[in-house]
Amino acid sequence: MSLFKTYAGLSRDIYYLCLARTINSTGDFVFSLITLVLTLQMGMNVVSAGIFVSMAALISGPGVLLGGYLSDLMGKKTIIVIGQLLSAIMIISCSFWSGTITVGYLLIAVMFFISITRPAYNALIIQLCTEEKERKSAFSLMYLGANLGIAIGPLIAGFFIKDHVNIVFISIGTVFLISTFIIINQVKIGTRKELASTSSEHAGQQEQQRSSQPPSPLFRLLLKNPLVAFFIVVSFLNYFIYMQYSFSLPLQMNHSFGENGAAYYGSVMTINAISVIILTTVILSATRKLTALNSIATGALFYGIGFGALNLLGTFPHFSIVALSTVLWTIGEILVQTNINLYIASRVPDTHQGRFNGLLLFVGCLGYTLSPYLTGIFIKSMDMESVWIIILAVSLFYALSMIILWYIEKSSTRRNEMKPLDHSKSI
């Protein structure tokens with residue numbers, strides 16, 4: 001229980017926001033739901049269903065960009081509420097058009113509105129937390145809650161989806177409504193600032209003035225913050241690497257274990273889910289003193305070691321290697337995913353948090369989209385196991401990029417601290 005003290009001291013608003021995100025994530029498997037509904041209920045072939053899934057993936061990119069912009073313009077909480085309400089309406093509407101192609105288009109719309117809320121959630125955590133350690137705990141708690149919800153939701157829905165899909169639609173819509181109700185009634189914007197600041201009224205007036213002004217151009221702020229821009233671009237590698245668990249890994253299971261590959265891959269996902277639930281709090285406690293960049297660099301190393309170990313399957317095709325590999329790359333996943341938003345949080349003004357988080361998520365969409373295609377080219381031109389050496393190399397490059405970025409910032413900070421001292425000596 002002492003490990004859970006790492007989450008103590010957060011604001012009441014953060015706890016309710018994480019609770020809402022956990023509840024919301026139990027119905028947050030719409031992406032998989034598209035495939036299941038179109039193939040199981042409607043008998044659509046895999047190619048046609050794949051087109052709908054691709055459309056849902058593509059529309060998520062503009063969704064996170066729009067959500068980031070609107071959250072800066074209209075407010076983070078407002079966008080979360082609007083996005084989730086529209087998602088709930090759309091998915092409940094699916095029960096009225098059950099068995100028709102309209103369901104496919106409605107689920108694509110749901111994916112769009114869900115994607116709108118993503119940057120708003122991240123930006124709202126940043127707004128509610130005043131210190132980096134608080135933000136680290138908050139993002140870790142949010143990540144843990146979301147994974148709990150994602151693990152529970154599909155498990156329950158699996159019993160109903162084939163014969164009672166309308167129950168699934170209505171249940172997911174209800175879950176979204178409950179989550180939205182919690183955010184409307186329990187998450188109070190500004191509460192944390194009022195407790196932390198002696199001039200809360202003045203801060204509130206400044207916040208209102210900023211929100212009433214149109215946001216300044218994002219590109220201009222990127223030019224003023226080249227290190228942040230570099231961080232966002234390089235973060236493409238994170239999503240490229242992480243996508244291997246859902247593309248290359250099942251292919252490897254089939255290659256190494258034949259007809260038992262699917263069952264082994266299911267076991268991999270179980271190990272991943274259990275590792276996330278058990279290790280997230282432990283890792284947060286152990287790395288609390290590390291900076292965001294150092295944590296990400298460490299996570300990238302675990303990515304590389306974990307995925308790189310799968311190269312051994314060519315010589316030793318034993319599931320024990322896969323199990324150990326899964327635990328290692330899951331540690332990398334936890335370290336990277338719980339820290340990737342922290343770097344931006346302390347280097348971007350609150351008026352632009354939504355758009356920068358939206359841009360980071362957009363780069364993530366590109367990584368998820370291009371990773372299967374590029375990895376497929378690697379697999380086609382070489383043997384399956386050699387791909388993991390490439391992933392190891394990419395992971396090491398990603399870690400090195402984070403270390404270089406940390407060194408540049410540290411050197412810059414030292415120079416800035418020395419300037420006043422040198423100036424005083426000259427006087």
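Colleague: Leaving aside neighbours within four places in sequence, which residues is Tyr398 in contact with?

Modeller: Contact means heavy atoms within 4.5 Å. By that criterion, Tyr398 meets Val234, Ser235, Leu237, Asn238, Ile241, Ile296, Ala300, Val336 and Ile340. The model is predicted: local features need pLDDT of at least 70, side-chain atom pairs count only at pLDDT 80 or more, and totals for chains, interfaces and linings use all residues. Residues are numbered from 1 along each chain as its sequence is written, and side-chain values use heavy atoms, with hydrogens and water left out.

Colleague: Which residues touch the most other members of the largest nonpolar core?

Modeller: In soluble globular proteins, nonpolar side chains tend to be buried together. A nonpolar core is a set of buried Ala, Val, Leu, Ile, Met, Phe, Trp, Tyr and Cys residues joined through side-chain atoms within 4.5 Å. Buried means under 20% relative accessible area, exposed over 50%, and partly exposed in between, with a 1.4 Å probe and protein chains only. Here the largest core has 46 residues, and Phe231 and Tyr398 touch the most other members. Helix α19 (residues 386–426) is its main contributor, giving eight residues. Another core, of 33 residues, lies apart from it and includes Leu70, Ala120, Tyr121 and Leu124.

Colleague: How many helices and strands are there in the protein chain?

Modeller: Helices (H or I, at least four residues) and strands (E, at least two) are DSSP runs, numbered from the N terminus. The protein chain has 19 helices and zero strands. Of its 427 residues, 49% are buried.

Colleague: At what angle do helices α5 and α7 pack?

Modeller: Axes are lines fitted to C-alpha atoms, for helices over the stretch in contact, and angles run from 0 to 180 degrees between N-to-C directions. Helix α5 (residues 102–128) packs against helix α7 (residues 165–186) at about 25°, and their axes are 14 Å apart. The two are therefore roughly parallel, a class for angles under 35 degrees; over 145 is roughly antiparallel, 65 to 115 roughly perpendicular, and the rest oblique. Val103, Leu107, Val110, Ile114 and Tyr121 of α5 make the contact with Phe169, Phe176, Ser179 and Ile183 of α7.

Colleague: Is Asn341 buried or exposed?

Modeller: Asn341 counts as buried because its relative accessibility is 7%. Asn341 belongs to helix α17 (residues 340–345). Not counting residues up to four places away in sequence, Asn341 touches Asn122, Ile126, Phe139, Asn357 and Leu360.
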